[in-house]
Amino acid sequence: MFFRWPGHAFPQNYSIEADASNLTTSGFALLTCAGIDVRDTSSGSYGLFICQGGTWKIDRYDAPDFNAKEIASGSDAKLFNLSSYHLKVSVNGTMLEIRINGGATYMVNDTTYLDTDNIGFTVDPLQGNTGSAVFSNFSYTPG
């Protein structure tokens with residue numbers, strides 16, 4: 001699901017918060033990741049994710065194929081197989097940050113994309129066919 005601001009680009013700096021729950025997998029999927037897509041344009045975007053196994057990752061998607069390139073990742077045992085996650089994603093200039101359940105903030109500096117035409121929610125079924133998640137309590141804050 002993507003959100004647009006018709007006739008305008010989003011401000012360069014903003015934060016998005018949402019709850020992700022009911023992460024499920026099917027087919028050959030071993031884990032599902034739920035995330036927020038930022039800096040989305042026709043040239044590319046970033047996805048900031050929490051995964052069921054307690055890992056987090058920040059991917060960059062470049063045109064023309066938009067295949068994921070992982071630019072940062074890690075794990076936190078406190079995030080392993082929880083039933084829901086609160087995500088706060090912030091973009092400030094070249095800095096991309098994800099904060100999960102009010103805990104540590106994970107960040108990366110990447111200068112590739114600075115504009116935002118769309119923001120959205122995304123699901124990444126690692127090593128598999130399909131996955132799903134429920135997103136709720138969405139908020140967007142410019143600045």
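A residue is termed buried when its relative accessible area is under 20%, exposed when over 50%, and partly exposed in between. The legends below describe close-up views of a predicted model.

**Figure 1. The largest nonpolar core and its most connected members.** This core holds 29 residues, of which Val-38, Leu-48, Leu-87, Leu-96, Ile-98 and Ile-100 touch the most other members. Strand E2, spanning residues 14-26, supplies the largest share of the core, with five residues. In soluble globular proteins, nonpolar side chains tend to be buried together.

Figure 2. With a relative accessible area of 1%, Leu-96 falls in the buried class. When residues up to four places away in sequence are set aside, Leu-96 touches residues that include Val-38, Leu-48, Ile-58, Ile-71 and Val-91. Tyr-46, Ser-90, Tyr-106, Met-107, Val-108 and Asp-110 are also among the residues that Leu-96 touches. The C-alpha atoms of Leu-96 and Met-107 are separated by 5.5 Å, although these residues stand 11 residues apart along the chain.

**Figure 3. The disulfide between Cys-33 and Cys-51.** The structure contains one disulfide, formed by Cys-33 and Cys-51 with their sulfur atoms 1.9 Å apart. The torsion about the S-S bond of this pair is about 100 degrees, and the disulfide is therefore right-handed. Distant parts of the chain are linked by the pair: Cys-33 belongs to strand E3 (residues 31-40) and Cys-51 to strand E4 (residues 44-51), the two being 18 residues apart. Cys-33 is buried at 0% relative accessibility, and Cys-51 is buried with a relative accessible area of 1%.

**Figure 4. Ser-45 and its polar partner Asp-37.** Ser-45 is a residue of strand E4. Its relative accessibility is 5%, so Ser-45 counts as buried. The side chains of Ser-45 and Asp-37 are joined by a polar contact of 3.1 Å. Leaving out residues up to four places away in sequence, Ser-45 touches Asp-37, Val-38, Arg-39, Asp-40, Asp-59, Arg-60, Tyr-61 and Tyr-113.

**Figure 5. Aromatic pairs, with Phe-10 and Tyr-140 in detail.** The model contains seven aromatic pairs. In one of them, the ring centres of Phe-10 and Tyr-140 are 5.5 Å apart and the ring planes lie at 70 degrees, so the arrangement is edge-to-face. Phe-10 is placed in the loop between strand E1 (2-4) and E2, whereas Tyr-140 is in strand E11 (residues 130-142), so the pair ties together parts that are 130 residues apart in sequence. Phe-10 is buried at 10% relative accessibility, while Tyr-140 is partly exposed with a relative accessible area of 24%. Ring pairs also bring Tyr-14 into a cluster with Phe-10 and Tyr-140.

**Figure 6. The stacked pair of Phe-121 and Phe-135.** These rings lie 4.6 Å centre to centre, with 20 degrees between the planes, and the pair is stacked. Because Phe-121 is in strand E10 (residues 118-126) and Phe-135 is in strand E11, the pair ties together parts that are 14 residues apart in sequence. Phe-121, at 10% relative accessibility, counts as buried; Phe-135, with a relative accessible area of 22%, is partly exposed.

**Figure 7. A charged group over an aromatic ring: Lys-57 and Phe-49.** The charged end of Lys-57 sits over the ring of Phe-49, at 5.0 Å from the ring centre.

**Figure 8. Thr-41 in the loop between E3 and E4.** The relative accessible area of Thr-41 is 17%, so this residue counts as buried. Apart from its neighbours within four places in sequence, Thr-41 is in contact with Asp-115, Thr-116 and Asp-117.

**Figure 9. Backbone geometry at Pro-64, Arg-39 and Asn-137.** Most residues other than glycine have a negative phi, and most peptide bonds are trans. The peptide bond from Ala-63 to Pro-64 is cis, with omega near 10 degrees, and Pro-64 is located in the loop between strand E5 (53-62) and strand E6 (68-80). Arg-39, which is not a glycine, has a positive phi of about 55 degrees. This arginine, Arg-39, lies in strand E3 and is buried, with a relative accessible area of 0%. Asn-137 likewise has a positive phi, near 55 degrees, and is situated in strand E11. At 57% relative accessibility, Asn-137 is classed as exposed.

Methods. Residues numbered from 1 in each chain as written. Predicted model: local features only at pLDDT ≥ 70, side-chain atom pairs only at ≥ 80, totals over all residues. Heavy atoms only, no water. Core = buried A, V, L, I, M, F, W, Y, C linked by side-chain atoms within 4.5 Å. Buried < 20%, exposed > 50% of the residue type's maximum accessible area, 1.4 Å probe, protein only. Helix = DSSP H or I, 4+ residues; strand = E, 2+ residues; numbered from the N terminus. Contact = heavy atoms within 4.5 Å. Disulfide = S-S within 2.5 Å. Polar contact = N/O pair within 3.5 Å; in protein donor to acceptor, adjacent residues only side chain to side chain. Phe/Tyr/Trp six-rings, centres within 6.5 Å; stacked < 30°, edge-to-face > 60°. Lys NZ or Arg CZ within 6 Å of the ring centre and 35° of its normal.
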